[in-house]
Amino acid sequence: MSTIERTEAAPVDLQAVHPRIRPATTAGRVLVRRPADAVALAAATILLIVLAGRAGTMTTVDESLVGLIGSIPAGLRALFVDIYRLGSLWMVAVVAGVALWRKYTALAVTVTASGLLSWIVAPLLRAWIDSGPAAAFPLGRIAVFTAAVTVTVPYLARPWRMVSVVTLAGLAVSAVYLGAGLPLDVAGGAVVGFAVAKAVQLVVGGPANRPTTTEVRAALARLAVDVVDVVEADSKWTIAAEMVATTPDDRRLLVRVLGRDQRDLSLIAKSWRWLNQKDYEPNFFVTRVSEVEHEAYVMLLARRAGAPVPDVVAAGRAGENAALLIEEYSEGRPVDRLAPQEITERLIAEMWAALAKLRDARIAHGALSADRFVARADGDVWLTDFSTATASATPDRLD
């Protein structure tokens, strides 16, 4: 593990020293509107149009599924009837009631709105599409239950998520077994419920789903990083969430946390840039851990080349849905926060020197802007945020 030289400066106000750090003042879950939800809504709408064009037809796949499900013993009919009843508004009311009891007001609102809208939208679409005298596309009960599951899952622990998904699958099988609709009708109902849920989440918001300070402290302990305090922070300049950890010897570490929301934003931003720039070669990663490990690797290369980059302490997993990168805390202010008279020739020369060393090492930062440079009290400049950096970059990428 890399070491960090201890500074003798007295403890200071993190907000005053580093304007990007703002301690959280609210407890509980923070609601956010995700760009990924808008993308999911658009994709579901397109899929619904495709499925609607085939409504009322019996495909080979439909015939095979109907035959397979129809072979289930008749003695289980009562069980399937009970399962099928879960796709009713009373189930939505139960979930909303439990959410209120657990003081998850946002969940109660979203599950109620999603369930009611699905219950209204499904028959309206069925009448509009009019796929035949026995039209069942999209199936309403499937839409209601899918909407409820979609908005509820982010609030649940993994075992309960699995229970919800398995129950939804059982409801789909029950619909076909009881003759309520064809597999295509079930698929249509599921897409409608999913689309309605995403639309509601875009309006109301969903849980931020990023690790708490307690979870980050536990993750740091697993990585053998001893800290006495972790302060949750917000940042508008980086995709990753930021936290500041204080060690027993008063050193400060910047912990960049990459959760689901931040990863979604990263994927969308990279995809959009790839579509708009012919020569852009984005780095896509399968897991969040691999993404932060890549960032740590590039930072270590840059530091070895002599570039003024914060020292990397560790990188690894932070709870179930996030990964973290721990680096030396940049004592100073982002260059974009400096007053005009503070932008000196030395400062500009230091910034260009940092870029020259990166280029010599064939490292492309990928997101250069004034807020990525931190002006330190000793007059040096540090370059931060290597989340979009590339090692062994091509000349075009370096340019």
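What is the volume of the second largest pocket? The second largest pocket has a volume of about 620 Å³. On a 1 Å grid over the protein atoms alone, a pocket is an open set of points with protein on both sides within 12 Å along at least five of seven lines, where a 1.4 Å probe fits. Grid points are joined across faces, edges and corners, and the volume is the space filled by probe spheres set on the points.

This is a predicted model: local features need pLDDT of at least 70, side-chain atom pairs count only at pLDDT 80 or more, and totals for chains, interfaces and linings use all residues. Residues are numbered from 1 along each chain as its sequence is written, and side-chain values use heavy atoms, with hydrogens and water left out.

The lining of the second largest pocket counts 19 residues, each with an atom within 4 Å of a point. Val 95, Thr 152, Leu 156, Trp 160 and Ser 164 lie nearest the centre. Helix 5 (89-101), helix 7 (140-152) and helix 8 (158-177) each give two or more residues to this lining. Helix 5 supplies the largest share, five residues. By class, the lining has 14 nonpolar, three polar and two charged residues. Here Ala, Val, Leu, Ile, Met, Phe, Trp, Tyr, Cys and Pro count as nonpolar, Asp, Glu, Lys and Arg as charged, and the others, Gly among them, as polar.

Next, the chain as a whole. Its secondary structure comes to 14 helices and twelve strands. These are DSSP runs numbered from the N terminus: helices are H or I with at least four residues, strands E with at least two. Of the 399 residues, 45% count as buried, that is, under 20% relative accessible area with a 1.4 Å probe and protein chains only; exposed means over 50%, and partly exposed lies in between.

Strand 4 (residues 241-246) is largely enclosed by the rest of the structure, because six of its six residues are buried. Ala 241, Met 243 and Ala 245 cover one side, and Glu 242, Val 244 and Thr 246 the other. Six bridges join strand 4 to strand 5 (residues 252-258), and the two run antiparallel. Two strands pair if DSSP finds at least two bridges between them. Met 243 has Val 255 as its bridge partner in strand 5. Five residues lie between the strands of this hairpin, where Asp 250 takes a positive phi near 70 degrees.

Further along is an open sheet of three strands, in the order 8-10-11, with antiparallel pairing. Strand 8 (332-334) and strand 11 (381-383) stand at the edges with a single partner strand each, so one side of each is left without a neighbour in the sheet. The twist averages 30 degrees from one strand to the next. Three bridges join strand 10 (residues 373-376) to strand 11. Axes are lines fitted to C-alpha atoms, for helices over the stretch in contact, and angles run from 0 to 180 degrees between N-to-C directions.

Some backbone exceptions remain. Most residues other than glycine have a negative phi, and most peptide bonds are trans. Asp 385 has a positive phi of about 60 degrees, and is buried at 3% relative accessible area. Ser 392 has a positive phi near 55 degrees, but is exposed at 56%. A cis peptide bond joins Phe 137 and Pro 138, with omega about -5 degrees.
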